[in-house]
Amino acid sequence: MKENRGTAVVIGAGIAGLASAYYLVRDGWKVKILEKGSLDNNCSYGNAGMIVPSHFTPLAAPGIVAQGVKWMFNSKSPFYVRPSLNPKLLNWGLKFLKHANKSHVEQHATAIRDLNLYSSKLYDELDQQEGFDFELKQNGILMMYKTKVVQQEEVELAHRAQDLGLDVAVLQGNEVQELEPDLKVDVLGAILYRCDGKLYPPKLMQQLIVYLKAHQVEFHEDTKVNKFITSGHKIKTAVTEKGNFEGDAFVLTGGAYLPELTSKLQVNTPLMPGKGYSFMYQPQSHQSLNHAALLLEARVAVTPMDGKIRFSGTMELGPANDRIYTNRVRGIVEAIPKYYPELTVDYPKDKIWYGYRPCSPDGLPYLGRLKKYTNVIIAGGGGMMGLSLGPAFGKIVSDILSDREVEAAIAGFKPDRFDG
């Protein structure tokens with residue numbers, strides 16, 4: 001352990017917050033974590049558990065707007081923007097439209113790829129540490145399709161991925177079946193992104209918490225930050241109803257609630273909560289999956305984990321609420337047998353989990369030091385890549401605060417890029 005560098009206050013106990021604390025404590029920082037809810041239920045627990053260098057295209061991409069308009073009129077569709085006059089949603093939407101173009105995608109594809117590859121390498125290293133075993137499997141993800149139209153789109157994207165140096169294979173339907181001998185697959189073909197992987201999120205999160213507690217990290221649950229006390233260009237104190245927390249450095253993660261935090265510093269980090277649903281399914285003993293997959297036409301993620309299969313999907317954009325829209329979940333359930341005919345999955349009733357992906361309007365994360373406050377680092381806005389980018393977020397936070405060179409190009413992810 002290195003000499004004490006000071007106290008870092010990390011706000012948010014999702015994967016970005018825990019990973020930041022992990023690398024900071026190894027770097028010699030005393031760390032306090034403030035979590036507005038509990039440690040056992042945030043978006044880092046119920047997600048698809050995928051590590052995705054394949055996701056080098058930002059959410060704000062050509063075609064998503066036209067496709068989104070079509071899906072708006074289908075209550076079971078995988079993408080939905082709840083109609084609202086909410087000014088934050090309207091502002092987000094205008095920014096999204098501005099960035100949904102080919103130039104934006106090409107400008108940032110390499111940096112997104114590199115950040116995911118860096119994070120994947122860090123997952124490999126974390127998995128080798130004593131006390132960590134979170135079902136990491138770096139054997140690729142299958143992007144499966146049933147239609148010629150999607151096949152054409154995905155083959156083009158696969159060629160772009162190969163141009164970016166990613167390990168990718170285009171497979172016919174029979175080749176997909178050979179990879180899954182224990183379960184019938186009904187697809188036209190798939191793209192196998194061998195660069196991708198998967199893990200079991202609850203194990204990862206629980207093991208990080210155990211490690212951090214063993215290294216004297218303080219956890220403060222149900223501790224919402226109400227305001228910050230600043231002095232000059234630095235934050236001195238985070239003020240909560242459970243006391244004041246002073247620090248030499250502050251790391252703001254906060255997931256979909258990041259804008260609430262940054263607004264207290266007059267910093268604009270526009271985000272929309274993208275609600276997603278997931279549930280676990282217990283297949284029969286002779287049915288097993290070797291690979292995680294995305295069912296492309298349905299936008300459903302399929303991940304073997306903990307001896308079961310997790311199905312997840314949908315993207316509902318709009319102000320957060322606690323309602324479960326059953327037709328969205330039915331859309332996931334009804335898609336499954338179209339790709340896996342032997343799986344008979346019932347509507348999961350009381351087993352539905354939901355969480356909010358923090359979606360920025362340009363599809364890029366917020367990562368780096370603030371200009372206004374030199375001891376504040378933002379690490380959030382990962383959208384559908386949040387879990388995938390977790391270790392990279394954490395390591396970069398620690399590198400910045402410890403005045404080391406960052407091993408990834410993050411200039412395009414400036415956290416205050418929408419200010420001024």
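Predicted model: local features only at pLDDT ≥ 70, side-chain atom pairs only at ≥ 80, totals over all residues.
Me: Which strands form the open sheet of 6, and in what order?
Reply: Start with the general idea: strands of a sheet pair through backbone hydrogen bonds, either parallel or antiparallel. Strands (E, at least two residues) and helices (H or I, at least four) are DSSP runs, numbered from the N terminus, and two strands pair if DSSP finds at least two bridges between them. Here the order is β9-β2-β1-β13-β20-β19, with mixed pairing. At the edges you'll find β9 (218-220) and β19 (366-369), each pairing on one side only. From one strand to the next, the twist averages 20°.

Me: Where can I see the two senses of pairing in that sheet?
Reply: For parallel, look at β1 (residues 6-11) and β13 (residues 249-252), which share 4 bridges; Ala8 stands opposite Ala249 there. For antiparallel, take β19 and β20, again with 4 bridges. Tyr366 has Gly380 in β20 as its bridge partner, and the two strands form a hairpin with 6 residues between them.

Me: Which helix packs on strands such as β20?
Reply: Contact means heavy atoms within 4.5 Å. Axes are lines fitted to C-alpha atoms, for helices over the stretch in contact, and angles run from 0 to 180 degrees between N-to-C directions. By that reading, α10 touches β2 (29-34), β13, β19 and β20 (376-380), and its direction makes about 170° with that of β20.

Me: At what angle do α4 and α10 pack?
Reply: Helix α4 (residues 102-127) meets α10 (residues 386-401) at about 90°, with the axes 7 Å apart. That makes α4 roughly perpendicular to α10 (65 to 115 degrees; under 35 is roughly parallel, over 145 roughly antiparallel, the rest oblique). Residues making the contact include Leu115, Tyr118 and Leu122 of α4 and Leu389, Phe393 and Ile396 of α10. By class there are 10 nonpolar, 4 polar and 2 charged (nonpolar: Ala, Val, Leu, Ile, Met, Phe, Trp, Tyr, Cys and Pro; charged: Asp, Glu, Lys and Arg; polar: the others, Gly among them).

Me: How do α1 and α7 cross?
Reply: The axes of α1 (residues 15-26) and α7 (residues 201-214) come within 10 Å and cross at roughly 35°. Among the contact residues are Leu18, Tyr22 and Val25 of α1, along with Leu204, Leu208 and Leu212 of α7. The classes come out as 11 nonpolar, no polar and 1 charged.

Me: Why is one side of β10 and of β12 left without a neighbour in the sheet?
Reply: They belong to an open antiparallel sheet of 3 strands, β10-β11-β12. β10 (225-231) and β12 (243-246) stand at its edges with a single partner strand each, so one side of each has no neighbour. The twist averages 25° from one strand to the next. β10 pairs with β11 (residues 234-240) over 6 bridges, and Val225 has Thr240 as its bridge partner.

Me: How many residues of β18 are buried?
Reply: Buried means under 20% relative accessible area, exposed over 50%, partly exposed in between (1.4 Å probe, protein chains only). In β18 (residues 353-359), 6 of 7 residues are buried. β14 (residues 272-281) runs antiparallel to β18, joined by 7 bridges, and Pro273 is partnered with Pro358.

Methods: Residues numbered from 1 in each chain as written. Heavy atoms only, no water.
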